[in-house]
Amino acid sequence: MVDAMERPAARKSEVIFALATGTGRAAIAIMRASGAGAQEVLASLCGGRLPKPRHASLRALHHEGDHLDDAMVLWLPGPRSYTGEDGFELHLHAGPAVIDRVAMALTTLGARPAEPGEFTRRAVQAGRLDLLQAEAIADLVEAESQSQRQQALAQADGALSRLYEGWSERLKTLLAHQEALIDFPDEDLPEAVELALSHTLNDLRSALKAHLSDKRGEIVRRGLTVVIAGAPNVGKSSLLNHLAGYDAAIVTHRAGTTRDVIAIDWLFQGVRLRLVDTAGLRETEDEIEAEGIRRAMFHVEHADLVLHVVAGTAEMPLRPDAMMISNKVDLYPALDNTLGLSVQTGEGMEGFEQALGARIKALTAGVGAPLTRARHRAGIEEALLYLDQAHEALWPEVRGEALRLAMRALGRLTGQVDVDSLLDVIFGQFCIGK
């Protein structure tokens, strides 16, 4: 059994390389390389003369008598590098012919193309990052909104890691107290030891439950789903089009024009939203419209936020937390406990967007380090399960084993235990060059 606090050791590895910048027309392309032997490869390209470590230097790159390019070169000796290994970067001119020729030269010199996520994988194996930080790097690369960027940066800086490691340290202390009660059952150990153990265990259970109930991190990472719902012809599609800034949905005076779900992506106040327009809700014998209504109710049930639109007729909210909107206030008075507006004239739209921003902020903003992935949720649920078993255990030995399993579940989240079984799954989702 691998010790719960053991980290995988850095290992000597072959040189890998990849293009770290995107494909397409650009001025500069960055080729990065890492691994044992990187010094020899770079020296060969630079004519035997390495740049000063971590200082950019303009060099003419040559291979087998061919002038490859004039490039800005960075020599990054380990362990003070991203992967913990010797590495280098070549800032090349971004022409495809230049990139291909340099890649060919690197291959001839014994390097090989990197697999997806292999650079970050090596950083984890060298102890430069833990798994939570590595996942945050992937989230940072994919961030589309400012809220996603901020959350990924906090996790990459170790916010979530510190939280889980703090829980692991408390579990370690808890386990030490439990072992004392097991090893010295006949001794007059202070009653405070048993009392402190019970209090700490209950505090940890409460902390994990609160963490699981906080869905802000997952919502920010995937984006909020905001569903526009209501009766036919109340202006749902018009509201969608107004927010989108273009005619995403067909709008007519005929009730029931929208029969299927229409969804668009929208960045609003730094948060990524998925706006969903739905079929009008009413009794119908039309088979196609009935299917559209069924789909609408499915999306209402699973939305992060529902905009329930009415126009002149009072209705019960589709969900207790729905944001009630009275549209067409140019034709009908706004109903009580609703936000009045007119998509047609623009009346009340500024107030609506302010109210919408406040609701979104309440769903995404806050303090602490929220979990961001299904893997995190599953790991915390497993740890909580063992803590509950420890709480209910009648025998001290059973409680001690449950505490060890809980600490092990937390260790798997950061990669302190059983890391190899997770690497292929996690880093297979990365882009090449990261």
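Contact here means heavy atoms within 4.5 Å. By that rule, Arg59 touches Cys46, Arg49, Leu50, Pro51, Asp69, Asp70, Ala71 and Val73, leaving out residues up to four places away in sequence. The model is a predicted one. Below is a quick tour: an open sheet of six strands, an enclosed strand elsewhere in the chain, a few individual residues, and some of the 22 salt bridges.

**The six-stranded sheet**

- The strand order in this open sheet is 3-4-5-2-1-6, and the pairing is mixed.
- Strand 3 and strand 6 (112-113) sit at the edges, each pairing on one side only.
- Helix 3 (residues 118-125) packs on the sheet and touches strand 1 (16-19), strand 2 and strand 6. The direction of helix 3 makes about 135° with that of strand 1.
- Strand 2 (residues 28-34) and strand 5 (residues 87-93) run antiparallel, joined by seven bridges. Within that pairing, Ile28 has His93 of strand 5 as its bridge partner.
- Strand 3 pairs with strand 4 (residues 66-76), again in the antiparallel sense and over seven bridges.
- The hairpin of strand 3 and strand 4 has two residues between the strands, and Glu64 takes a positive phi near 50° there.

**Strand 3 and Arg59**

- In a regular strand, side chains alternate between the two faces of the sheet.
- Strand 3 has a covered face made of Ser57, Arg59, Leu61 and His63. Its uncovered face has Leu58, Ala60 and His62.
- Arg59 belongs to strand 3 (residues 57-63) and stands opposite Ala71 in strand 4.
- Here's one to look at if you care about charges: Arg59 is buried yet has no salt bridge. The nearest side chain of opposite charge is that of Asp70, 10 Å away.
- What Arg59 does have is a side-chain polar contact with the side chain of Ser57, at 3.0 Å.

**A loop residue: Pro79**

- Pro79 is found in the loop between strand 4 and strand 5.
- With a relative accessibility of 56%, Pro79 counts as exposed, because the cut-off for that label is over 50%.
- Not counting residues up to four places away in sequence, Pro79 touches Gly84 and Arg128.
- Pro79 and Arg128 are 49 residues apart along the chain, and their C-alpha atoms are separated by 8.9 Å.

**Strand 7, an enclosed strand**

- Six of the seven residues of strand 7 (residues 224-230) are buried, so the rest of the structure largely encloses this strand.
- Strand 7 pairs with strand 9 (residues 271-277) in the parallel sense, over five bridges. Leu224 stands opposite Leu273 of strand 9.
- Strand 7 also runs parallel to strand 10 (residues 305-310), and five bridges join the two. There, Ile228 stands opposite Leu307.

**Gln155 in helix 5**

- Gln155 lies in helix 5 (residues 146-156) and is buried, at 5% relative accessible area.
- The side chain of Gln155 makes a polar contact with that of Thr372, at 3.2 Å.
- Neighbours within four places in sequence aside, Gln155 is in contact with Leu132, Gln133, Glu135, Ala136, Leu160, Thr372 and His376.

- Side chains of opposite charge can pair when their charged atoms come close.
- Arg205 and Asp388 form a salt bridge, with the closest N and O atoms 2.8 Å apart. Arg205 is in helix 7 (residues 191-213) and Asp388 in helix 12 (residues 374-392), so the pair ties together parts 183 residues apart in sequence.
- Arg205 is buried at 13% relative accessible area, while Asp388 is partly exposed at 21%.
- Another salt bridge brings together the side chains of Glu218 and Arg377, at 2.6 Å from N to O. Glu218 is in helix 8 (residues 216-222) and Arg377 in helix 12, so this pair links parts that are 159 residues apart in sequence.
- Glu218 is buried, with 17% relative accessible area, and Arg377 counts as buried at 16%.
- Arg294 forms a salt bridge with Glu291, the closest N and O atoms being 2.7 Å apart. These two are three residues apart in helix 10 (residues 287-302), which means about one helical turn separates them.
- Glu291 counts as partly exposed, at 30% relative accessibility.
- Salt bridges that share partners join Glu14, Glu85, Arg112, Glu118 and Arg122 into one network.

Technical notes: Residues are numbered from 1 along each chain as its sequence is written. This is a predicted model: local features need pLDDT of at least 70, side-chain atom pairs count only at pLDDT 80 or more; totals for chains, interfaces and linings use all residues. Side-chain values use heavy atoms; hydrogens and water are left out. Helices (H or I, at least four residues) and strands (E, at least two) are DSSP runs, numbered from the N terminus. Buried means under 20% relative accessible area, exposed over 50%, partly exposed in between (1.4 Å probe, protein chains only). Lys and Arg count as positive and Asp and Glu as negative; His and the chain ends are not counted. A salt bridge is a side-chain nitrogen of Lys or Arg within 4 Å of a carboxyl oxygen of Asp or Glu. A polar contact is a pair of N or O atoms within 3.5 Å; within protein, one must be able to donate a hydrogen and the other to accept it, and residues adjacent in sequence count only if both atoms are side-chain atoms. Two strands pair if DSSP finds at least two bridges between them. Axes are lines fitted to C-alpha atoms, for helices over the stretch in contact, and angles run from 0 to 180 degrees between N-to-C directions.
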